[in-house]
Amino acid sequence: MKREIITTADGSKTIHIPDWDEQYHSKHGAIQEARHVFLKTGLAHYVTTYPQKKEIAILEMGFGTGLNALLTYYEVHKHKVSFNYVGAEAYPVSKEEAQAMEYASQLEEEDATKVYNEMHAVAWEQPQIISNHFTLTKRTQRFEDITDSEVFDLIYFDAFGPRVQPTLWTEEIFTKMYEALIPGGVLTTYCAQGAARRAMQAAGFVVERLPGPPGKREMLRASKPLV
């Protein structure tokens, strides 16, 4: 399937799939969306809710370009936590596509290019220590094949939207996400579709509708009850 690089409204890039008229990130701003949906509404919320946590295990469903992993890497010092980051991706992007994103040029971090390139260079299926506070494991894995049980604190659910991949937004998939989270764990996603919300609730989640990133009125955050 053809993929092309486009520039989004905040100047950051993403991959566009013409056949689907779908992007890896919001055309209204790739970096803006990631920071709002996953860092602010997901990670910062979780750290605030559980300030005693010093190590956080994150599962990203849809590793894609690696943008969410890169941005999360730089949250270490802000939140004073360590990350065990697992990215699941059925169809990894190419090295050339990853480099074309040029995310490092928009981050105020002098080593961002080095870190981003290392994330894409590490072998799949093997944990890799990126720094003393960040371990990355990339899995070549379909959503349907997730079998983790009470491993993760937080899930970044970054699948393509229900319009083009409805099978990824079902009760069956969200039951797998529910089982993968520890009690009190949180799943966050840019999607606010009613059917997706009801599928999360059917899987056992308590779901909130929250203000979305630029270009979207709402998004969803789902929590697994402590008991």
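Biologist: Let's start with Gly11: what is its relative accessible area?
Modeller: Gly11 has a relative accessible area of 39%, so it is partly exposed. Buried means under 20% relative accessible area, exposed means over 50%, and partly exposed is in between (1.4 Å probe, protein chains only). This is a predicted model, in which local features need pLDDT of at least 70, side-chain atom pairs count only at pLDDT 80 or more, and totals for chains, interfaces and linings use all residues. Residues are numbered from 1 along each chain as its sequence is written, and side-chain values use heavy atoms, leaving out hydrogens and water.

Biologist: Where does Gly11 sit?
Modeller: Gly11 is in the loop between strand E1 (4-7) and strand E2 (13-17). Helices (H or I, at least four residues) and strands (E, at least two) are DSSP runs, numbered from the N terminus. Gly11 and Lys27 are 16 residues apart in sequence, yet their C-alpha atoms are 9.8 Å apart in space.

Biologist: Zoom out. How many helices and strands does the protein chain have?
Modeller: Seven helices and eleven strands. The radius of gyration is 16 Å, close to the 17 Å that the globule rule gives for 227 residues, so the chain is as compact as a globular protein of that length. That radius is taken over C-alpha atoms, and the rule is 2.2 Å times the number of residues to the power 0.38.

Biologist: What share of the residues is buried?
Modeller: Buried residues make up 54% of the 227.

Biologist: Now helix H5. Which residues are buried there?
Modeller: Ala112, Val115, Tyr116 and Met119 are buried in H5. They cover an arc of only 95° around the axis, which puts them on the same side of H5. The arc is that of the directions from the helix axis to the C-beta atoms. On the other side of H5, Lys114 and Ala121 are exposed.

Biologist: What covers the buried residues of H5?
Modeller: The cover includes helix H2 (67-73), H4, strand E6 (128-131) and E7. 

Biologist: And H7, which residues are buried in that one?
Modeller: In helix H7 (residues 194-203), the buried ones are Ala196, Arg197, Ala199, Met200 and Ala203. They fall within an arc of 160° seen down the axis, so they line one face of the helix. Just after H7, Gly204 takes a positive phi of about 115°.

Biologist: New topic: aromatics. How many aromatic pairs are there?
Modeller: The count comes to 17 aromatic pairs. Rings of Phe, Tyr and Trp (its six-membered ring) pair if their centres lie within 6.5 Å; planes under 30 degrees apart count as stacked, over 60 as edge-to-face and the rest as tilted.

Biologist: Take Tyr103 and Tyr116. Why is that pair edge-to-face?
Modeller: Their ring centres are 5.9 Å apart and their planes are at 80°, so the pair is edge-to-face. Tyr103 lies in the loop between helix H4 (95-101) and helix H5 (112-121), while Tyr116 is in H5, so the pair ties together parts that are 13 residues apart in sequence. Both Tyr103 and Tyr116 are buried.

Biologist: What about Phe143 and Phe157?
Modeller: They form an edge-to-face pair, with 5.6 Å centre to centre and 75° between the planes. Phe143 is in the loop between strand E7 (134-139) and strand E8 (152-157), and Phe157 is in E8, 14 residues apart. Both Phe143 and Phe157 are buried.

Biologist: Which residues form an aromatic cluster?
Modeller: Phe38, Tyr73, Tyr74, Phe83, Tyr85, Phe134 and Tyr156 form one.

Notes: Contact means heavy atoms within 4.5 Å.
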